[in-house]
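My notes follow in the order I worked.

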Amino acid sequence: MTQVLDRERIAEWSQQEPQRPWTRKPVHLQVWIALAALLPAVIVALMFTYTDLPGPVLMVVVYLPLQLVASGFAALATKGRQGIADSVIIVNAIGATLFSFIILFSVLGSLIFRGFEALWGDDGFRSSFLVQNNVYINPSTPLEYGGLGHAVIGTLIIVLIASVIAVPIGIATAIYITEVRGRAVPYVRFFVQAMSGVPSIVAGLFILTVLIVSGAIGQSAFAGGLAYAILMLPTVARTAEEVLRLIPEDLRTGALALGSTRARVVLRVVIPAAKTGIITAIILGVARVIGETAPLLLTSLKSDQTVLNPLSDPIAALPTYIFDNVALPYPGAVTRAWGAALVLMIIVLILFTIARILGRDRLNKSR
Amino acid sequence: MPTAEYEGDVEVLEDQFAGKPNVGPIELESRDVSVWFGQRKVLEGVNIAFPKKTVTALIGPSGCGKSTYIRTLNRLHELIPGAALAGSVLYEGKDIYDTDVDPVHIRLKIGMVFQKPNPFPSMTIRGNVLSGLKLSGMKRDGHDEIVEQTLTSAGLWNEVKDRLDSAAGELSGGQQQRLVIARALAVQPHVLLMDEPCSALDPASTLKIEETIRELSKEITIVIVTHNMQQAVRVSDYTAFFLAAENEPGYVIEQGPTTDIFSNPQDQRTLDYVNGRFG
Amino acid sequence: MSMPRTEVRRDLKSAATSHKGDRVFNRSITAAAFTALVVLAGIAIFLGLSAVEALRTQGLDFLFTTEWSVEQEDPKAGIWGMLYGSVLLSAIGLVIAIPASLLLSVFIVFLAPRRLAKVMTNVVDLMAAIPSVILGLWAFYLLNPPAEEWQFLLNKYLGWIPIFQNESGNFNGTPFIAGFVLAIMMIPIITSVSREVLGRTPPDLINAAEALGCSLWTMLRYVALPYGRGGIVGGIMLGLGRALGETIAIFFVLKLIFETNWYNIIESGGGSVATLIVATFGEVSGPYELNLLLAAGFFLFVGTLVVNVIANLIVQRTGRMQR
């Protein structure tokens, strides 16, 4: 005989509350867990007050091992021997997370607090810092005079030159891989990837030997731009390739079926469809190079003046400006360095945020 | 009313279960189990008792909560974010959701085989069989014997005894599923939950696994979710029929000995389902 | 009478590019695509010529000795200390970065609630975006003071271990600090790759492990890490490649010396090929010295190229296996 659903009990069942019985822990185990959480903290706090060991040392050398041991015991009590390995991993994973938070906030915080001084004087926002150049300034000149206007312009010029070279070639490379699909595609990808590993200083050395030492061009914005282009190209090519790959094949075959040439398919159909993605590729490429110092140290050097001719003279740029001022024994110079670093970081953050927003839009649209 | 199609199967069943004991002690039982994902109630009031050393089939259209239900039986349900439940699941008389019950212990005693065979590709065949011991920390002696015994019970020993150290990924789908069964057996479960174990396999492998199930049920209790009604008839002693109406949680509409469910169901919906009129 | 049918095999590819505009298009695109190769070859050739010249005049001593006396009549230069130093600094960085990155990726993929995981992913990406010169600035002013204290204590309590010995009492500009800064640059790279790889562990396998009563550790050890092993190794090598070529971040925190500092990592002074190039470039005495720097750059190029190629091969191979 079979049993049928007892409809009369449905009312009773509808009174049930959803529960999570697996989250409940028996009282004695809760005690263990509380001890494990509090005891190490208390011990460390006491040691901090009564000894003069520095804070960070205490945290790593005393708190971490204590917390590991305490958590180990708590785990042993709640889950048995299997739990100990888990507790070690969890405590350390949380530690690693806190560590990276601390580093990031330390870097960003120091930029804000120390760079602030350069951008904010007694009368408020010091726009002179952003606009003026350093022609008559020496390291001990007070901060009201001089600025990084010339460095900002220099960075813009160099990045522009680099983009003009790297973006078309990068996009062309991506087109070769996804549209032309020649036989050499795996080789091209290999070379692009190899190129992305070239250290920035090597890029600078290359431009130095090929063009500067041989006398073809002098140390200038153009040379710096070429060095940047070498570093920018792989990023632009790789991102553009990913983006072009996302364009559905139907778009291409449809255009071809209408009698379009391959070239027109790419230029008039595929690229416009991938517009946002290509802009993202460009922005990521720029963000990748804009903070690079080493290649500029070898190619465009530095300057105190505002230079507009990209071919003739050495030119200032934000990274080299920072580099020059970092280790000078004058507090004014150091503050300038922090100020420039703050400006550079803000630019990089803006670029990354734009790239991220564009990237998200692209993902949403393709769904 | 029994339909002509099932006459033959009923005879088969009566032969098969000729030597079987009547409903004896209960191995596992769910009482008033209701399941939620977030705010959505997907199952309500499931009361099923699984007698020792029998095979129970859970049948019903897709999406009415059968797979969700069996995951409450070995405490895998709680690993899904947003999961909640009410009611109790009794194993050996004790609620497995009590605070002093170790979920690892439950999962060792109540094993699971999934729809898609999932042996660990980075391990050898031998390694896969013994992987449960390493993953749970269970200690057993005589690894070689364990490998041979479980593979034999799973009906795979003869095919792989000469290549125990080859990669598990090289086996066919049916062989992988039997390997997975051996892996589950290595930790000595008393219950084996099977979630549509044959739906991804070819008919020949399916039959082999059904044979394995019948053999295994002499030692352990088996609960099998299946869409294949002929399989339910071939393999199970008891059957429970699940159904969920639109926007409502799933219920067990009818349950009982397989012969009765298929030849003499009381509920019209059960009759319709087993006659293939929907689902 | 029936004519024999001659079948002509038509090469469809050439038919597709018969239009003149297309041919021009194809050729220019193909030419552009080979820019990468041209540049790489150019670097190899031009820097290689300098390397050849350096080896010719200095012999193998250029690679295996450590000194830089170029102002004298018979200039002697050897970059061994720099080569070794680059490796040592990267090794120190890896010792810190590998556990930190693995723990971070395990946290993001398996431990953190979804929203916190997203935040952490952004934190890591942000760390990757920090330009090296800013990191160098931060390290010089904010990392140095506590680091000096740390190393002092390390030396005081653990100084009997050889690597923690310090003769000069100076804890400034040590390989340890430079290695630490390199670790900060490597962690985002390794974490990104590991996070992606671990996140792709098939849920089927994790379900199987859970049904067998696994714990976090056993699941990692027997399922997730073996699955992601290739990608993680690839990521580590990518990080290593980055560290070997890093110049500016460590420029201010490493004191460049021309003796090989073998293992006293908290002793002041160390070497790095990239730092050598930047430090010496400004005051180069003449074309000969410049050429030596170019030669050093060549070896740096080759080293990072090899590491990067291997890294990419590993990442690609495991990516293919996982599909």
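**Contacts inside chain C**

I call two residues in contact if their C-beta atoms, placed from the backbone, lie within 7 Å. The model is a predicted one.

I began with the domains of chain C. The assignment gives domain 1 (20–69) and domain 2 (80–322). I took their centres over C-alpha atoms and found 27 Å between them. Then I looked up the contact: 14 residues of domain 1 of chain C meet 13 residues of domain 2 of chain C. On the domain 1 side, helix H3 (35–58), helix H4 (61–64) and strand S1 (66–69) of chain C are the elements that give two or more residues. H3(C) has the largest share, 7 residues. I sorted this side of domain 1 by class and got 8 nonpolar, 4 polar and 2 charged residues.

I followed S1(C) onward. S1(C) pairs with strand S2 (residues 76–79) of chain C in the antiparallel sense, over 4 bridges. The two strands form a hairpin, joined through 6 residues. I checked one pair: Thr66(C) has Ile79(C) in S2(C) as its bridge partner.

**Domains of chain A**

The contact takes 7 residues from domain 1 of chain A and 7 residues from domain 2 of chain A. On the domain 1 side I noted 4 nonpolar, 1 polar and 2 charged residues.

**Chain A against chain C**

How many residues does each chain bring to this contact? I noted 66 from chain A and 68 from chain C. Helix H4 (residues 82–119) of chain A gives the largest share of the chain A side, with 19 residues. By class, that side of chain A has 49 nonpolar, 15 polar and 2 charged residues.

**The nonpolar core**

I turned to the largest nonpolar core, which has 289 residues. Which members touch the most others? They are Ile322(A), Ala341(A), Val181(C) and Ala296(C). Helix H6 (residues 149–180) of chain A supplies the largest share of this core, 17 residues.

I picked Ala341(A) and listed its contacts, leaving out residues up to four places away in sequence. Ala341(A) touches Leu111(A), Gly115(A) and Ile322(A), and also Ile134(C) and Leu137(C).

**A helix check**

I then looked for burial in H7(A). The buried residues are Val188(A), Arg189(A), Phe191(A), Val192(A), Gln193(A), Ala194(A) and Met195(A).

**Chain B against chain C**

Here 19 residues of chain B are in contact with 15 residues of chain C. Helix H3 (103–109), strand S6 (110–113) and helix H4 (125–136) of chain B each supply at least two residues of the chain B side. H4(B) gives the most, 5 residues. I counted this side by class: 9 nonpolar, 7 polar and 3 charged residues.

**Strands of chain B**

Strand S1 (residues 26–37) and strand S4 (residues 83–91) of chain B run antiparallel, joined by 8 bridges. One of the pairs is Leu28(B) with Tyr91(B) in S4(B). S4(B) also pairs with strand S5 (residues 94–95) of chain B, again in the antiparallel sense, over 2 bridges. Leu90(B) has Asp95(B) in S5(B) as its bridge partner. The hairpin of S4(B) and S5(B) has 2 residues between the strands, and Glu92(B) takes a positive phi near 50° there.

Most residues other than glycine have a negative phi. I looked up two more exceptions.

Asp32(B) is not a glycine, yet its phi is positive, about 55°. Asp32(B) lies in strand S1 of chain B. Is Asp32(B) partly exposed or buried? I noted it as partly exposed, because it has 15 C-beta neighbours inside 10 Å.

Lys53(B) also has a positive phi, near 55°. Lys53(B) sits in the loop between strand S2 (40–51) and strand S3 (55–59) of chain B. Lys53(B) has 19 C-beta neighbours inside 10 Å, so I put it down as partly exposed. The cut-off for buried is 20 or more.

Technical notes:
Residues are numbered from 1 along each chain as its sequence is written. Chains are lettered from A and ligands numbered from 1 in the order in which they are written. This is a predicted model: local features need pLDDT of at least 70, side-chain atom pairs count only at pLDDT 80 or more; totals for chains, interfaces and linings use all residues. Ala, Val, Leu, Ile, Met, Phe, Trp, Tyr, Cys and Pro count as nonpolar, Asp, Glu, Lys and Arg as charged, and the others, Gly among them, as polar. A residue is buried if 20 or more other C-beta atoms lie within 10 Å of its own, exposed if 12 or fewer, and partly exposed in between; C-beta atoms are placed from the backbone. Domain bounds come from an automatic or database domain assignment. A nonpolar core is a set of buried Ala, Val, Leu, Ile, Met, Phe, Trp, Tyr and Cys residues joined through C-beta atoms within 7 Å. Two strands pair if DSSP finds at least two bridges between them.
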